[in-house]
Amino acid sequence: MSWAEKNRNEWCRKYLEDTFKAAKLNLTKTEGATLHFFRVETQGDCSLAVKAGQARPMFELRIELDWKVEQPVENGKSFVEAKGQIQVTEFSSEDIESPQMKLICDNTMPPGATPAFKTLMDKLNAAVKTCGMPEVSRILAEEFVPELKKQT
């Protein structure tokens with residue numbers, strides 16, 4: 001019996017978009033900041049090799065995740081926002097546990113921003129790097145890959 005390859009490109013794009021857009025990640029080492037994704041773009045190929053009920057994922061993906069962090073301030077009366085993008089430049093079935101990622105932060109300050117505002121923005125960007133990026137990696141390895149294997 002030979003392996004049959006099943007294209008899962010559309011399933012992959014939809015799953016990643018739905019999963020990341022639904023994610024609300026609390027960032028530790030902040031004062032209640034929440035990270036969420038508002039745009040997900042996936043490029044690449046995704047398929048399953050299936051033989052005798054065994055499914056082997058095969059994929060090579062590039063994923064762009066536009067993110068926004070909201071930090072409550074003034075006892076929750078308003079929010080400070082930080083934005084940017086996490087680029088998963090290489091995520092493949094050859095190295096599931098270690099996707100290659102790059103963080104881009106929009107460091108544009110509003111007019112009249114104080115030094116304290118810049119300090120808060122830097123803290124939020126650092127939280128995305130130390131908490132958000134590992135969570136993206138976990139979602140890909142521990143949620144996406146097992147779900148892909150079920151798509152026989």
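K51 is partly exposed, because its relative accessible area is 30% (buried means under 20%, exposed over 50%, and partly exposed in between, with a 1.4 Å probe and protein chains only). The model is predicted: local features need pLDDT of at least 70, side-chain atom pairs count only at pLDDT 80 or more, and totals for chains, interfaces and linings use all residues. Residues are numbered from 1 along each chain as its sequence is written, and side-chain values use heavy atoms, with hydrogens and water left out.

K51 belongs to strand β3, residues 34–51. Helices (H or I, at least four residues) and strands (E, at least two) are DSSP runs, numbered from the N terminus. Although W3 and K51 are 48 residues apart along the chain, 4.8 Å separates their C-alpha atoms.

Next comes helix α2, residues 115–149. The expected span of a helix is 1.5 Å times one less than its number of residues.

What lies inside? In soluble globular proteins, nonpolar side chains tend to be buried together. A nonpolar core is a set of buried Ala, Val, Leu, Ile, Met, Phe, Trp, Tyr and Cys residues joined through side-chain atoms within 4.5 Å. The largest one here has 37 residues, and F37 and F144 have the most contacts inside it. Two or more residues of this core come from each of α1 (9–22), β3, β4 (54–73), β5 (78–92) and α2. Helix α2 gives the largest share, twelve residues. Beyond its neighbours within four places in sequence, F144 has contacts (heavy atoms within 4.5 Å) with residues including W11, Y15, F59 and F91.

Charged side chains also pair up. A salt bridge is a side-chain nitrogen of Lys or Arg within 4 Å of a carboxyl oxygen of Asp or Glu, and the whole structure holds 14 of them. One joins K68 and E81, at 3.5 Å from N to O. This pair links distant parts of the chain, with K68 in strand β4 and E81 in strand β5, 13 residues apart. K68 counts as buried because its relative accessibility is 18%, whereas E81, at 35%, is partly exposed. Another salt bridge joins D122 and K118, whose closest N and O atoms are 3.2 Å apart. Because these two residues are four apart in helix α2, about one helical turn separates D122 and K118.
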